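This briefing is intended for a reader who is meeting the structure for the first time. Please keep the sequence and the three-dimensional view at hand while reading.

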Amino acid sequence: MEKTLIIHSEGDIDAIAREFLPVVKEKRIIAFHGNMGVGKTTFIKGLCRALGVVDPVTSPSFAIVNKYVTSDNQTVYHFDFYRLKNVSEVFDIGYEDYFFGDDICLIEWPEKIAEVLPDDRLDVWMTENADGSRSIKFSV
Amino acid sequence: MNPVILGIESSCDDTSAAIIKGDTILSNVVAGQKVHEEYGGVVPELASRAHQQNIIPVVHKALKDAGVTVSDISAIAFTRGPGLLGSLMVGTSFAKGFALARNIPLIEVNHLQAHVLAHFIQEPGQQHKVPEFPFLCLLVSGGNSQIVLVRDYLDMEIIGQTIDDAAGEAFDKCAKVMGLPYPGGPLIDKLAKEGNPNAFEFAKPRIPDFDYSFSGLKTSFLYFLRDHIKEDPGFIDNHRADLCASLQKTIVDILMEKLVAAARKTGIKEIALAGGVSANSGLRQAFLDGQKNYGWNIYIPKFAYTTDNAAMIAITGYFKYLRKQFVGQDVAPFARMIL
């Protein structure tokens, strides 16, 4: 079943993130699709707040992956594969250690590593609507 | 007798090794440059596997360039974090093995602290002026945008940092939106020289204290272009230099506003710049303006010590060596962003 959540303004993010949280915990690996500027990092920041992350949540575009811990000592990995040129680079990072562990993985620009994304992931599509609001679509 | 320290850096893309004697650098080798030519083969850009291939040749070359042998090394310093775990693991494992084999002290280094301490690297035969404590350091790179209050060599605190994108990332992503190749920061700088920095105005973030935000600028730049392209499909081509100049001015203004505020609040006039974005001519000019307008003493390190390099790891190792801050063989790398 396809579900759509709408974020009308930045003020909605925390409430939508809380609504989305059970899916994150169940699926563990979430791939966020969407154009630059649609708000992937911003929404992930909201999710991390809902998860109780204590570290600053920033864009991992340069670092490729940021590691955060939550107040109850859970680990969250935040990926951004934007600057990868070739999927072989993801092998060199040792992606298996992250994706096949037990920790939550939030992934931006998953298209760059489409061949190696785990099958049991959740795909999420973020789009901008004509009125400036954002849609978050996924199947459950 | 000054200690001779071997520094190892492998936190992200580049493998690097450096030799420092006291605070004087003897060699600083980054893989992908000459090592590549001398040893042949392809050097992948981003890879722990690449670090594994590079680390031995890079260390060999650093020793050779410095004119020292393995038995001259007093201690080995390595980047413990933050960075990519797989990459950090290579440098950490090498350093541990080397320390064990040579029976010399092992020193762990925080990559961010090392960026700041790069200011204290001296060249052989020439002493340059270094910042006096306490000083403020603006650390700007592809992955960092921070204001660091430095009380002493090993006593520093982040008093402001980006809450989303780094300044270098803002340059690179806006460049991409304009159809420039990645990384676009240096190209924007070049094009900006021919443009009018006041041609366009972009919204600046309003966030408290000394923190930064660049995500909103990226988005507003994107929308600005989209709206103008609707009316004039050639908008980017017709205004490229002005767009670059205006964007660069906005990013530099954002960086400097918080730095000026931090300098005012702390009363500190020793102001240093670190990280790869320090190569940006707009930012350099803003520092010179700060010198003129606020009576700052400004410090900008040599470019080779602002990108990821082992010289800064070696100098940090030196200060830790003096304080006997050594670690045992049980030390593990860390990925999290902490100072």
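The structure is a predicted model, in which local features need pLDDT of at least 70 and side-chain atom pairs count only at pLDDT 80 or more, while totals for chains, interfaces and linings use all residues. Residues are numbered from 1 along each chain as its sequence is written, chains are lettered from A and ligands numbered from 1 in the order in which they are written, and side-chain values use heavy atoms, with hydrogens and water left out. Helices (H or I, at least four residues) and strands (E, at least two) are DSSP runs, numbered from the N terminus.

**Interface of chains A and B**

- In chain A, 29 residues are in contact with 31 residues of chain B; contact means heavy atoms within 4.5 Å.
- About 2500 Å² is buried between chain A and chain B, and 53% of it lies on carbon and sulfur atoms. Buried area is the accessible area (1.4 Å probe) that two parts lose on being put together, summed over both.
- Of the area that chain A buries against chain B, 25% comes from Met36(A), Phe62(A) and Asp92(A), more than from any other three residues.
- Eight residue pairs between chain A and chain B are in polar contact, with both residues at pLDDT 80 or more. A polar contact is a pair of N or O atoms within 3.5 Å; within protein, one must be able to donate a hydrogen and the other to accept it, and residues adjacent in sequence count only if both atoms are side-chain atoms.
- On the side of chain A that touches chain B, two or more residues come from each of α2 (40-51), β3 (65-69) and α3 (88-93) of chain A. The largest share, four residues, is given by α3(A).
- This side of chain A has 14 nonpolar, five polar and 10 charged residues. In this scheme Ala, Val, Leu, Ile, Met, Phe, Trp, Tyr, Cys and Pro count as nonpolar, Asp, Glu, Lys and Arg as charged, and the others, Gly among them, as polar.

**Salt bridges**

- Over all chains the structure holds 17 salt bridges, a salt bridge being a side-chain nitrogen of Lys or Arg within 4 Å of a carboxyl oxygen of Asp or Glu. Two are found across the interface of chain A and chain B.
- Asp80(A) forms a salt bridge with Lys173(B), with 3.8 Å between the closest N and O atoms. The pair joins two chains because Asp80(A) lies in strand β4 (residues 75-80) of chain A and Lys173(B) in helix α5 (residues 167-177) of chain B.
- Both Asp80(A) and Lys173(B) are buried. Buried means under 20% relative accessible area, exposed over 50%, and partly exposed in between (1.4 Å probe, protein chains only).
- A salt bridge of 3.0 Å, N to O, links the side chains of Arg226(B) and Glu128(A). This pair crosses between chains, from helix α7 (residues 215-231) of chain B to strand β6 (residues 122-128) of chain A.
- Arg226(B) is partly exposed at 40% relative accessibility, and Glu128(A) is partly exposed at 30%.
- Lys173(B) also forms a salt bridge with Glu169(B), the closest N and O atoms being 3.0 Å apart. Glu169(B) and Lys173(B) are four residues apart in helix α5 of chain B, so about one helical turn separates them.

**Strand β2 of chain A**

- All five residues of strand β2 (residues 29-33) of chain A are buried, so the strand is largely enclosed by the rest of the structure.
- On one face of β2(A) are Ile29(A), Ala31(A) and His33(A), and on the other are Ile30(A) and Phe32(A).
- β2(A) pairs in the parallel sense with strand β5 (residues 104-108) of chain A over four bridges; two strands pair if DSSP finds at least two bridges between them. Opposite Ile30(A) stands Leu106(A) in β5(A).
- β2(A) and β6(A) also run parallel, joined by four bridges, and Ala31(A) stands opposite Asp123(A) in β6(A).

**Individual residues**

- Arg28(A), in the loop between α1 (13-27) and β2 of chain A, has a positive phi of about 70 degrees although it is not a glycine.
- The peptide bond from Gly81(B) to Pro82(B) is cis, with omega near -10 degrees.
- Another cis peptide bond joins Phe133(B) and Pro134(B), with omega about -5 degrees.
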